[in-house]
Amino acid sequence: MSYVEVQDILALRKASRRLSTLSKLRWVWFDAMKRHVVQKGLPIPAASVADLKALNAEHLEARTVHASRFHDNWYSAHPVAKKAIEFSAAPYMDNQLPEEDKPAVTHLSFLPGRNGKYLITAVGRILTCWEVPLGESEAYRVAEWVASRKIEQVVVNDDPNGHVVLAYYSAHPTAQGTVECRALSLDKFHGKFYCRMEMRAHRQVSTPLHLLHDDYLIFGDPMHACYLSPPTMVKSLGRSTLAEMPDNNILAVKPVNRYLLIVRQRTFEVVPAPTWRGNRAPYHSLVTASASIEMDVPASSSVIVVRQVFAASPDDLPDWPSEPVTVLSRCSDDGFEQMHQYDLLPNPKAREPVNTKKGDEPIPDRFPCVFPSQYTRVMSVAPSSCDLHVGPSGKGFWTETRNIVMRHAKTPARCLVGFDVADVEDSPRDGKTGPRAARVELCKDVIYARRCNIHEILWKKYIISATALEDTVGRIAVGDVTGRVEVLDLA
């Protein structure tokens with residue numbers, strides 16, 4: 001029975017009493033989980049592969065059905081939201097303001113590792129954590145933080161085990177040209193944010209914020225890494241000469257096991273991560289032990305896809321994943337808007353690092369990835385496409401303007417165009433399987449659309465101001481300029 005599709009197992013349950021009894025056995029759903037979720041590389045909602053042996057039949061069935069429905073809906077002819085929760089993220093003091101004067105939602109993020117249950121919103125000076133349980137119809141305010149000035153940027157810790165959950169910066173209330181950067185931890189029991197780090201620096205040095213991972217924050221260009229746990233310190237990171245190149249701003253920074261992948265407009269750079277397996281990298285390796293390559297076509301935005309859905313514990317992870325690391329960059333080449341795909345394959349000649357001095361962290365003599373000489377694939381995109389998002393499983397979306405049919409009439413709308421970065425193996429040659437490659441598949445239809453008027457298109461000031469994705473349970477959050485937030489369940 002576990003060989004058939006998940007929806008067929010549920011349909012067979014209604015055929016007879018005997019099949020209904022068989023469809024509720026634990027081994028049926030354990031095999032279905034392995035075959036239809038794990039082997040397809042889909043994330044398991046609220047569990048890991050190691051937890052499957054401890055789950056009973058009901059829990060295995062619920063997780064298998066949820067993951068399967070999200071995946072099927074994503075690839076369906078017309079993806080639709082099964083449920084939507086809408087609430088106002090504007091603070092209490094602004095509820096009486098006119099509609100046009102309400103502050104906009106400038107940031108949305110789901111807290112990683114919480115299965116889409118907790119959502120972070122930034123509205124004006126107010127930073128709020130919301131609890132949006134699955135299956136509920138309301139959102140509940142968990143904690144709130146008020147900054148001295150308007151919050152300009154927020155980054156969320158992509159390590160769910162990190163003590164600090166987010167960092168933000170805002171303008172200093174008195175000193176001109178100075179910003180305040182704070183790192184906050186969340187106490188859900190008492191409903192409070194606590195400040196764990198505060199830094200004041202010149203705007204050109206400390207902005208923008210690029211990455212918050214584990215116990216370090218990466219900011220600025222040239223880049224610096226600030227350790228948040230004692231002893232707190234700030235160190236330079238990467239090659240400062242890359243920041244001096246024209247039109248070479250940082251677009252994306254992603255930890256890839258032992259290393260950091262830094263994608264700029266014109267260059268790719270790989271440097272050792274500031275922290276790996278609880279140990280801090282030596283200062284000289286953060287500055288000198290880097291490799292980079294310059295690309296022909298500059299990009300305007302990029303995302304990095306590292307697909308390690310069923311990764312083991314951090315102590316068992318390799319220096320570089322065996323699957324390709326994919327970079328999607330939006331470029332403009334000779335007037336044509338395109339999405340370039342670059343694949344960074346593991347370096348077969350990479351060796352384990354060797355200690356050069358006693359007490360120092362080992363530094364590898366060869367970097368574990370092979371830089372691409374050119375893009376792997378290219379896709380044409382609309383000139384209005386922007387705001388790229390991608391999750392750990394490879395599912396993501398971007399925002400663009402399209403003409404859609406609504407109430408038997410064509411109208412312009414801001415749409416979320418979904419895609420999925422899946423791994424495939426090249427065809428065998430001479431009896432040997434080729435290297436793994438990545439394949440980008442677009443959804444057959446938009447996953448969300450909201451009507452917009454001609455003034456939004458002309459001035460490029462759209463009502464949708466922020467979006468977020470949680471690809472474990474299949475949730476999308478959309479915020480607008482009126483302070484409203486809509487959470488969509490796709491499973």
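These legends go with an overview and a few close-ups of one predicted protein model. Residues are numbered from 1 along each chain as its sequence is written, and hydrogens and water are left out of the side-chain values, which use heavy atoms. Because the model is predicted, local features need pLDDT of at least 70 and side-chain atom pairs count only at pLDDT 80 or more, while totals for chains, interfaces and linings use all residues.

Helices (H or I, at least four residues) and strands (E, at least two) are DSSP runs, numbered from the N terminus. Of the 491 residues, 52% are buried, and buried means under 20% relative accessible area (1.4 Å probe, protein chains only).

**Close-up 1: the largest nonpolar core holds 19 residues.** A nonpolar core is a set of buried Ala, Val, Leu, Ile, Met, Phe, Trp, Tyr and Cys residues joined through side-chain atoms within 4.5 Å. Look for Leu127, Cys129, Leu166, Tyr168 and Phe193, which touch the most other members. Strands β3 (118-123), β4 (126-131), β5 (140-146), β6 (151-156), β7 (166-171) and β8 (178-187) each supply at least two residues of this core. There's also a second, separate core of 18 residues, with Val256, Val270, Trp320 and Val325 among them.

**Close-up 2: Phe193 and its contacts.** Contact here means heavy atoms within 4.5 Å. Skipping neighbours within four places in sequence, the partners of Phe193 include Ile120, Leu127, Cys129, Trp145, Leu166 and Leu184.

**Close-up 3: Asp480 sits in strand β31 (residues 475-480).** Is Asp480 buried or exposed? Asp480 is buried, with a relative accessible area of 5%. Its side chain reaches the backbone nitrogen of Arg484 at 2.9 Å. Beyond its neighbours within four places in sequence, Asp480 is in contact with Ala104, Val105, Arg450, Ile463, Ile464 and Ser465.

**Close-up 4: the buried residues of helix α3 (residues 26-38).** Here you'll find Val28, Trp29, Phe30, Ala32, Met33, His36, Val37 and Val38. What do the buried residues of α3 pack against? They pack against α1 (6-12), α2 (17-22) and α4 (57-74).

Key: Buried < 20%, exposed > 50% of the residue type's maximum accessible area, 1.4 Å probe, protein only. Polar contact = N/O pair within 3.5 Å; in protein donor to acceptor, adjacent residues only side chain to side chain.
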